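Biologist: Good morning. Could you take me through this structure, one topic at a time?

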Amino acid sequence: MGSRPRVWLALILVLLGVIGFSLYPRRPVEYRSDRFLMDTLVSIKVYGRDDEKLRKAVAEAYAEMQRIADLTNRFPARGTAEHAASDVCRINDMAGIKPVTVDPDVFAMLERSRTWRHRTGGAFDVTIGPVMDLWGFGGKHPHVPKHDELVARLALVGSDRLLLKSRDRTAFLEKAGMGLDLGAAAKGYATEKAMRVLERNGIEKAIIDAGGTIRVLGKNPEGTPWRIGIKNPADSGGILAVLALEDSAAATSAGYYRCFDSGRNRFHHILNPGTGYPAMENASVTVVAKDAGMADILSTALFVLPPEKALETVKKLAGVEVFLVTVDGRTLHGKGPASRSVVQSAEPEHHAQSR
Amino acid sequence: MRKADNCLIVGVLLAAALSAMIYYRVTLLRTDTAVDTRAVIKIRGRIVRTIDLLKDGKHAVYQVQGSIGRALVELDGNRVRMREAPCPDRTCILQGWIERPGESVVCLPNLVEIRIEGGSGLDAVTR
């Protein structure tokens, strides 16, 4: 007998252990959680080894999104705790009265929004609140307002009368009746912040889908870029194209959500701050950028601009790519310097036309 | 004795290699060639029904009870849609048919979600 067989046996066991161990990392744990937040369904998927750690990271990410949601919610009734906790409500209440000290994140959102208003020639404006209210978006019965009423409300729109003082971190709307609406900025900003929370918790692979605003971290669990479809805005539905994304964000603004029919026309909630009416030239605009907050704001701003103007704007923006479908069905694509194309496949044949 | 040992070692190594191959093959098959997709219906985040989506599958209408009322989910072979819903804005109905993994229809007022899962489809859809 001797000790030979036992040595071999030990070696075999070690070998099996090595094989087993080398197979183990191929199966990262997935943790997925859905939550209704910011008037939409937010789903977070994270991957890693330690289930407990994943749960904790996702819980913290949701808490961060909830915090941003509470700070920017402009609908809670006066006198409620939610109203008092909302910086946007406080700023709106104090319009024309006095500046309000705000949370650093709210301040950052307002500064950024103002910058983008400037860079897009006024196509994006967070002081659109009074006009949104007149249309009734956010309420139960949106309707087409009378033209003269609209003109009167439009006089209350303009971020040049939103005063921001970075030294004491205050925000002030100069004229009574003015009102902020961060609906086109807060979701993307919150998504970006949530991803930062995941990263701080040591997560290396994750995807956040906040009602169609997508932010991905690393590669997908199969080790390839994440595959993100762009919804076809045509009535037939389906997928317009597939993006391959790593460490970046995609956001879409489209006329197919939050809309209502009146007479022969359909009206949606993305208003042109210049006219007060829904922007009618684009059916959907998808923006790919590094930062979800930027993608969110830009998708709205470019949706409002005429298609050619939108493409022109993107040409100057590093790392940004846009996919635009006009109401007459043209699909346009543009990108800024240093952005590599992320289109993996476009299959309009099968998906757009077969149905 | 020695010879038997060697046989054993070779046998075990082969078995290990084989199982590793099978394992990899299985994962490859699962991620690349699987065509079976299914529609998952959730209410308040909880799965209430799973429907297999087959290319020449049947046509059917399923009734689910959401937060504010009854909704009808229509199956047509390999695609599904929200056919009727009690929500005021009807956003979910207007979204039309979905069929690719990663696509979803969400009815916020009613807290009903239909999502396509499985296959080697999309990780998400921007909309």
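Predicted model: local features only at pLDDT ≥ 70, side-chain atom pairs only at ≥ 80, totals over all residues.

Biologist: How many helices and strands does chain A have?

Modeller: Chain A has 11 helices and 16 strands. Along the principal axes, the C-alpha atoms of chain A fill a box of roughly 105 × 50 × 40 Å.

Biologist: And what share of chain A is buried?

Modeller: Of the 355 residues in chain A, buried residues make up 44%. As for contacts in chain A between residues at least 6 apart in sequence, 60% of them join residues at least 24 apart.

Biologist: Which residues have the most contacts inside the largest nonpolar core?

Modeller: Those residues are A:Val46, A:Ala206, A:Ile228, A:Val287 and A:Ala295, in a core of 116 residues. Helix α9 (residues 292-304) of chain A gives the most to this core, with 9 residues.

Biologist: What does A:Val46 touch?

Modeller: Leaving aside residues up to four places away in sequence, A:Val46 touches A:Tyr31, A:Leu54, A:Ala57, A:Val58, A:Leu198, A:Ile203, A:Lys205 and A:Ala206. A:Ala206 is also among the residues with the most contacts inside the core.

Biologist: Let us change topic. How many residues of chain B are in contact with chain A?

Modeller: There are 30 residues of chain B in contact with 41 residues of chain A. On the side of chain B that touches chain A, α1 (2-32), α2 (91-94) and β8 (124-126) of chain B each supply at least two residues. Of the elements there, α1(B) gives the most, with 8 residues. The residues of this side of chain B divide into 15 nonpolar, 8 polar and 7 charged.

Biologist: Do the strands there run in the parallel or the antiparallel sense, for β8 of chain A and β8(B)?

Modeller: Strand β8 (residues 226-231) of chain A and β8(B) pair in the parallel sense, over 3 bridges. In this pairing, A:Gly229 stands opposite B:Val125 in β8(B).

Biologist: Staying with chain B, what do β6(B) and β7(B) form?

Modeller: They form a hairpin with 4 residues between them, and B:Leu111 in the turn has a positive phi of about 55°. The strands β6(B) and β7 (residues 112-118) of chain B run antiparallel and are joined by 4 bridges. The bridge partner of B:Ser104 in β7(B) is B:Arg115.

Biologist: Which way do the residues of β6(B) point?

Modeller: From strand β6 (residues 104-107) of chain B, B:Ser104 and B:Val106 point one way, while B:Val105 and B:Cys107 point the other way. All four of these residues are buried.

Biologist: Finally, what is the mean pLDDT of chain A?

Modeller: The mean pLDDT of chain A is 90, and 94% of its residues reach 70 or more.

Biologist: Where does pLDDT stay under 50 in chain A?

Modeller: It stays under 50 over residues 348-355 of chain A, for which the model has 13 contacts beyond four places in sequence.

Terms used. Residues numbered from 1 in each chain as written. Chains lettered and ligands numbered in written order. Contact = placed C-beta atoms within 7 Å. Nonpolar A, V, L, I, M, F, W, Y, C, P; charged D, E, K, R; others polar. Pairing = 2+ DSSP bridges. Buried ≥ 20, exposed ≤ 12 C-beta atoms within 10 Å, placed from the backbone. Core = buried A, V, L, I, M, F, W, Y, C linked by C-beta atoms within 7 Å. pLDDT = per-residue confidence, 0-100.
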